Amino acid sequence: MNRKNSKSAYKEAVRYIPGGVNSPVRALYGLDEEPLFIDKAKGVTLVDIDGNKYTAYCLSWGVFLQGHSHPAVKTAVIKAVAHGTSYGVPCIAETELAKKINTFLPSMEKIRFVNSGTEAVMSAIRVARAYTGKNTIIKFDGCYHGHADHLLVSAGSGVAGLSGASSAGVPEDFTRHTVSIPFNDQKAVEAVFKLKGTDLAAVIVEPVPANMGVIIPNHGYLEFLRKITKDYGALLIFDEVITGFRLSSGGTQKLFCIMPDLTTLGKIIGGGFPAAAFGGRSEIMDMLAPDGPVYQAGTLSGNPVAMAAGSAVLNVLSEIGFYTELEKKCSVFYTVLLEVIKGKNIVLNHIGPMFTLFFSDKEVFDFNSSCASNAKRFAEFFRSMLKNGNYISPSRFEANFISSAHTPQDMEKFIDAVQKSI
Ligand SMILES: *Cc1c(COP(=O)(O)O)cnc(C)c1O
């Protein structure tokens, strides 16, 4: 596999862009490998600037449940661009997408669009604090909620690669109201509520964490979070930036039948454009300006092209059988994959169309057990998968994604590569 052009593009990028990338995990740090530069992508095929092809399991970090460059999305985007690319004045496309999202996730009675998951979470927490009149938030070790200052505490995703899983440049004062505790541990939650119950504004959680690798919530755990927050008058925020429209048409909340107070969405709903959203009960969302005292705004928020892309994606996902077909494909895939990794000290965590292979001989159920997986073995695995034409998510703390565009042949190729790689 010749990667001459990517190598020189990287060299050039590093001169002008820190680390050569605009989001750290893309640099493939810790993997002893240089980033690929992509020329184009269609379906599940990535083509780099040297003409090499890879089957994608990262899919722009879970953005494309329908695969890259879906024809229906492309058509909608071209049509939108022909009308104009931004107005800074309301357009119907915003209401259309909000209405569609509300149909799938009825807990989001009112929705506001922003440009990134980071913004969505930041704003949801602000509105939760204003609504409750309290300050403290609980998050979970290894969950990632974007890069706002007060959330870079024991965070997952790219932050997990830094020592202490937090960032430099964040004053302690800014994280004073954030308590981070282990996921799947009821006692830890109860202890914090006992200690700080009167000042708890919200519990924010990736209901099925995917940023420390995929972690499955213990039976009854999410129900427990729903109950304890209600009992203490704190809000429950589901960060469904990854799981929304992925685990089911109504995200984790539909799958587990739990109504959070606020929800954040991103990734899938932008159809490959920078769009995200937060929403929830009307009485909470009405705290936002102009109706209420909580300020939140965005020059490009509700961008007409992004809204059109999002609507087109949701149309594709609403087609009859979309989720059942996907589920069927995934279940066959996991069955075969489990056979292949048997006895190799590899743990497969999976739910719906997302999974992580942990190089560990012990169950992985929280950040600690995820960190205990073998980094060196993962790096070797990543390189070997790449050599065999599969682009998996380039970190042991990330999920891999399956889309409706993966064919049985793609998945056979993946399994073959796994067999060779381990
Ligand atoms: C990706 C992600 C975010 C941040 O979204 P950005 O668009 O990258 O800012 C927040 N929460 C979760 C669960 C995510 O996976």
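Select Gly272 first, in the loop that joins β9 (262–265) to β10 (276–280). The model is predicted. Gly272 has 46% relative accessibility and therefore counts as partly exposed, since that class lies between the 20% limit for buried and the 50% limit for exposed.

Next, go to Lys134, in the loop between α5 (117–132) and β5 (136–140). Lys134 is buried and has no salt bridge. Which side chain of opposite charge is nearest to Lys134? Show Asp199, which is 7.4 Å away; a salt bridge would need a nitrogen-to-oxygen separation within 4 Å. Now show the backbone of Tyr232: the side chain of Lys134 reaches the backbone oxygen of Tyr232 at 3.3 Å.

The structure holds one cavity of 30 Å³ or more, and the largest cavity contains about 60 Å³ of space. To display its lining, select Phe355, Thr356, Leu357, Phe378, Phe381, Ile392, Ser393, Ser395, Glu398, Asn400 and Phe414. Colour the selection by residue class: six of the lining residues are nonpolar, four are polar and one is charged.

Then switch to the cartoon view. Which elements supply at least two residues each to this lining? They are β12 (354–358) and α14 (375–387). Of the two, centre on β12, the source of the largest share of the lining, with three residues.

Definitions and conventions. Residues numbered from 1 in each chain as written. Predicted model: local features only at pLDDT ≥ 70, side-chain atom pairs only at ≥ 80, totals over all residues. Heavy atoms only, no water. 1 Å grid on protein atoms, 1.4 Å probe; cavity = no way out; pocket = protein on both sides within 12 Å on 5 of 7 lines; lining within 4 Å. Points joined across faces, edges and corners; volume = space filled by probe spheres on them. Helix = DSSP H or I, 4+ residues; strand = E, 2+ residues; numbered from the N terminus. Nonpolar A, V, L, I, M, F, W, Y, C, P; charged D, E, K, R; others polar. Buried < 20%, exposed > 50% of the residue type's maximum accessible area, 1.4 Å probe, protein only. Lys, Arg positive; Asp, Glu negative; His and termini not counted. Polar contact = N/O pair within 3.5 Å; in protein donor to acceptor, adjacent residues only side chain to side chain.
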